[in-house]
Amino acid sequence: MDTILVLDFGSQTTALIGRRIRELGVYSEVVPGDTVFDEAFRAGAVFRGVKGIVLSGSPESVYTGRGSVPDRFVYECGLPLLGICYGLQRMTVDNGGLVEPLPLREYGAKKITIEGDASRLSEPGRRFMEGFGAQSATLPQVPGTFTAWMSHGDTLVRLAPGFAQMGTSETGYPAVAAHESKPWFGVQFHPEVTHCERGMDILAGFVFGVCGCKKGWSMEAYVAQIRGELRRRVSGTPVLLLISGGVDSTVAAALLLAALPPEQVHLCYMDTGLMRKDETAQVTLTLEKLGAKNLHIVMCGDEFLAALAGLEDPEAKRKVIGDLFIRIQEREVARLGLPDTYFLAQGTLYTDLIESGKGVGKKAHVIKSHHNVGSPLVDAKRKAGRIIEPLERLYKDEVRALGKILGVDAEVLRRHPFPGPGLAVRILGEVTREKCEVLREADALFIGELKKRRGPSGKRLYDEIWQAFAVLLPVRSVGVAGDERRYGWVLALRAITSADGMTADVYPFAPRDLLEISTLITNAVPAVGRVVYDVSSKPPATIEWE
Ligand code: XMP
């Protein structure tokens, strides 16, 4: 399959570059920026089909010596190159140009003017420039202007020999460079971010126009390929998948069930008593609908509540939950009586690999542990070469698309994230059964309303919001019920918008929605006396309260 390789120099948008290329229907792989292209690498699966290389951005400067340097092979292999931000600066200094700090960092939306004489460029160069919306025949005469997205503190002050400046930013610095004879290009801005005008066209100009890639990447193609791979690897051996009920593990289960005889697939789910309302019933239904035959539901709420009794410190609570999780996991897996050779499957995503900094080929120690626990079970299986990660080449959006193809309910695929330690980090202070019940009810009412009400876009509030939940505060406040004064718990509502959970904005509810939801909760859940709305963004606040 035609592939674009993305060299990762550490930019926050590296994963996005890979994802955008896949959106164009072309497979992309992200590898560390300093990957050595030795014979073993070139003979490996990652390099097969590579038609072009993208050099990503980086938080580092090229002249500090801290940023990664690509293998010289990158410049000697003859493959087309596209440098983005640091990638362009890297290509410039590695090939005899000069980069220096800007007096003032260029950040955000900036106008770019396309200029320069495209007739000086080779055929690939002219095709690259077509991605900027100009026809090659008219390009030299018709400069175009568009808004790009910038984030850089350094600039090219002298292009490397052989490069021509084809575009300039409104501040007068080089924004687009193209080599006159080699298929090498660079942009100072970020075509991969959505608010960059023509961003996808520019990437398409490189991927199709310059590299000549053919579309070969789709979820349907992936399912066919991964099915074959799973069957060959696993053969008749049992596979165990630990299920959290979230999107990743549910889609991983769906994929295993679609690829292997269902009797061979063991799914294990632990109800810690810290789940949302009706969660276990929903998870069971979802998995049964997907054809699960060996579904092991472990009800261990009593054990978790007993272990949490009297604990108030958030870190102590997390530690107790993590340790108990491991203990029960080992006990229950032993109870299943699987042969020692069984495979352990995990819902690791491609971004988990990229974000862990390990990249493809160096990921031996990357573990996406169930409920964030460094698990000895996973360690042992990894050492034995018995881990299966069927989603490890997919981005989150692709996992959702895959889930849809495999028949996972749309509501499950749209579900907001839920932390591993569950309600324990949303009940501040000591966790008790009674508080779990109160929070579960209030949270279900809140979420139920978000699914009924529409936002300004016409979508359900639930779908406009990235994550929403209720938090039970360790505070009682006075209220009135009839003629009596009554002390009730204070409940905080949290609703945020976000791209990835790294930063978050507060969802700006219409006041009426908040007021009606508050009334509904205090009427239906008498233990809650007062409702407040959390208006803190991240940073400085985190999304969860503990
Ligand atoms: P914070 O609170 O760190 O949350 O801003 C960012 C995202 O991560 C989720 N989160 C967790 N997920 N185990 C998880 O699996 C955890 O311990 C955990 N803590 C926070 C949180 O819900 C949000 O989506």
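Colleague: Where does Asp 513 lie?
Modeller: In this predicted model, Asp 513 is part of helix H18, residues 511–524.

Colleague: Why is Asp 513 called buried?
Modeller: The relative accessible area of Asp 513 is 13%. Buried means under 20%. The value falls under that limit, so Asp 513 counts as buried.

Colleague: What is Asp 513 in contact with, leaving aside its neighbours within four places in sequence?
Modeller: Arg 453 and Leu 461. Contact here means heavy atoms within 4.5 Å.

Colleague: Which residues are linked with Asp 513 in a network of salt bridges?
Modeller: The network holds Glu 449, Lys 452, Arg 453, Arg 512 and Glu 516 along with Asp 513.

Colleague: What makes Arg 453 and Glu 449 a salt bridge?
Modeller: Their closest N and O atoms are 2.9 Å apart. The cut-off is 4 Å, from a side-chain nitrogen of Lys or Arg to a carboxyl oxygen of Asp or Glu. The distance is within it, so the pair qualifies.

Colleague: Are Arg 453 and Glu 449 buried or exposed?
Modeller: Both are buried.

Colleague: How many salt bridges does a search of the whole structure find?
Modeller: The count is 35. One of them joins the side chains of Arg 126 and Glu 123, with 3.0 Å from N to O.

Colleague: Where do Arg 126 and Glu 123 lie?
Modeller: Both sit in helix H5, residues 123–130. They are 3 residues apart, about one turn of the helix.

Colleague: Why does Arg 126 count as partly exposed?
Modeller: Arg 126 has 24% relative accessibility. Buried needs under 20% and exposed needs over 50%.

Colleague: Which residue forms a salt bridge with Arg 433?
Modeller: Asp 302, with the closest N and O atoms 3.1 Å apart. This pair links distant parts of the chain.

Colleague: Why does Asp 302 count as exposed?
Modeller: Asp 302 has 53% relative accessibility. Exposed means over 50%, so Asp 302 passes.

Colleague: Which are the buried residues of helix H13?
Modeller: In H13, residues 376–383, they are Leu 377, Val 378, Lys 381 and Arg 382.

Colleague: How do you know that they line one face of the helix?
Modeller: Look down the axis of H13. The buried residues fall within an arc of 130 degrees, so they line one face. They pack against strand E10 (239–243), helix H11 (314–336), strand E13 (343–345) and strand E14 (387–388). Just after H13, Gly 385 has a positive phi of about 70 degrees.

Colleague: Which residues are buried in helix H14?
Modeller: In H14, residues 396–405, Glu 398, Val 399, Leu 402 and Gly 403 are buried. Down the axis of H14 they fall within an arc of 145 degrees, so these too line one face. Their cover includes H1, helix H7 (219–234), helix H8 (247–259) and helix H15 (410–413). Gly 407 follows H14 with a positive phi, near 85 degrees.

Colleague: In what order do the 9 strands of the open sheet come?
Modeller: The order is E2-E1-E3-E4-E9-E8-E7-E5-E6, with mixed pairing.

Colleague: What makes strand E2 and strand E6 stand at the edges?
Modeller: E2 (27–32) and E6 (145–158) each have a single partner strand, so one side of each is left without a neighbour in the sheet.

Colleague: How many bridges join strand E1 to strand E3?
Modeller: 5 bridges join E1 (residues 3–8) to E3 (residues 50–55), and the two run parallel. Pairing takes at least two bridges, so E1 and E3 count as paired. Val 6 has Val 54 in E3 as its bridge partner.

Colleague: Why is Pro 474 called partly exposed?
Modeller: Pro 474 has a relative accessible area of 48%. Exposed needs over 50% and buried under 20%, so Pro 474 falls in between. Pro 474 lies in strand E15, residues 467–481, and touches Leu 428 and Trp 489, not counting residues up to four places away in sequence.

Definitions and conventions
Residues are numbered from 1 along each chain as its sequence is written. This is a predicted model: local features need pLDDT of at least 70, side-chain atom pairs count only at pLDDT 80 or more; totals for chains, interfaces and linings use all residues. Side-chain values use heavy atoms; hydrogens and water are left out. Helices (H or I, at least four residues) and strands (E, at least two) are DSSP runs, numbered from the N terminus. Buried means under 20% relative accessible area, exposed over 50%, partly exposed in between (1.4 Å probe, protein chains only). The arc is that of the directions from the helix axis to the C-beta atoms.
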